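Please walk me through this structure.

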Amino acid sequence: IEAEEFLEWNQNEGAYIAKGNVFVQQNQSSINSGHIVARYTTSGETRNITRVIATDAVTYIEGRNTAKGDKLDYDLTTSLYVLTGKKASVEGPSGIMTATKSITYDSSDNNNRKVTAIGKARYENTDGRIVFGDKLIAHVEADGTLKTIDAYENTKVITTNGTKATADRLNYVASTSLANLDGNVEIIDKENVMRGAKARIN
């Protein structure tokens, strides 16, 4: 743990408090922010960090994934972090997820990681597909490869050829490139408009 302004180490409470361009690194993960409180277990000699609360221009890097936001609350014991801020984002090798309220990243199941974005959420895949919704729940592989996305409220998907589809709810399966839409569906394909209760779009 490094900091420009001050670094406090409280051994009784098992905590580090740092301010001013703070940098924290443990194994292959690192965090940069303006202020950090990091807690560790006082028993044993390893002093492995168990929880980090970072605020002020947070950047968290884990492998090939980069998360950014105003605040990061990371519980390392459960492999879950909550990122908040109007421009919260999580970017991996396959795409980027953004939201205006929060992004929760659960990596407890390494091969089926769950990313929940709330508040004008948006996921853009590197191939050009974009999924929108007030709430998005994505399941990804350990390397960041997208598996599925469920979108709720004000959902929209834009395909690689520019076709737009909106619905109340949406489910996208990356392996088949199929999006299932449900409720007040509207599909706009150039000058063609189709409406219905349900639809499936490739």
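**A tour by strands, core and rings**

Start at a turn: in the hairpin of β13 and β14, Ser 177 takes a positive phi near 60 degrees, and four residues lie between the strands. Strands here are DSSP runs (E, at least two residues), numbered from the N terminus. This is a predicted model, in which local features need pLDDT of at least 70 and side-chain atom pairs count only at pLDDT 80 or more, while totals for chains, interfaces and linings use all residues. Residues are numbered from 1 along each chain as its sequence is written, and side-chain values use heavy atoms, with hydrogens and water left out.

Stay with these two strands. Eight bridges join β13 to strand β14 (residues 178–189), and the two run antiparallel. Two strands pair if DSSP finds at least two bridges between them. Asn 171 has Asn 180 in β14 as its bridge partner.

Now step back to β12. Nine bridges join strand β12 (residues 146–158) to strand β13 (residues 164–173), again in an antiparallel arrangement. Tyr 152 has its bridge partner, Arg 169, in β13. This pair of strands also forms a hairpin, with five residues between β12 and β13. Gly 162 in that turn has a positive phi of about 95 degrees.

Three bridges join strand β5 (residues 65–75) to β7, and they run antiparallel. Thr 66 finds its bridge partner in β7, at Glu 91. On to β8: five bridges join β7 to β8, also antiparallel. Val 90 stands opposite Met 97 in β8. The hairpin of β7 and β8 has two residues between the strands. β7 is mostly covered, with four of its five residues buried. Buried means under 20% relative accessible area, exposed over 50%, and partly exposed in between (1.4 Å probe, protein chains only).

Where does Ser 94 sit? Ser 94 is found in the loop between β7 (88–92) and β8 (95–99). Ser 94 is buried, at a relative accessible area of 15%. Leaving aside residues up to four places away in sequence, Ser 94 touches Tyr 123, Glu 124, Asn 125, Thr 126, Gly 144, Thr 145 and Leu 146. Contact means heavy atoms within 4.5 Å.

Turn to the core. The largest nonpolar core has 47 residues. Such a core is a set of buried Ala, Val, Leu, Ile, Met, Phe, Trp, Tyr and Cys residues joined through side-chain atoms within 4.5 Å. Ile 31, Leu 72, Tyr 81, Ile 103, Leu 136 and Leu 181 touch the most other members. The largest share of this core, five residues, comes from β4. Among the contacts of Ile 31 are Val 22, Val 52, Tyr 60 and Leu 72.

Finish with the rings. A search of the whole structure finds six aromatic pairs. Rings of Phe, Tyr and Trp (its six-membered ring) pair if their centres lie within 6.5 Å; planes under 30 degrees apart count as stacked, over 60 as edge-to-face and the rest as tilted. Tyr 60 and Tyr 81 form an edge-to-face pair, 5.3 Å centre to centre, with 80 degrees between the planes. The pair links distant parts of the chain: Tyr 60 lies in strand β4 (residues 49–62) and Tyr 81 in strand β6 (residues 80–84), 21 residues apart. Tyr 60 is buried at 2% relative accessibility, and Tyr 81 is buried at 4%. Ring pairs link Tyr 60, Tyr 74, Tyr 81 and Tyr 105 into a cluster.
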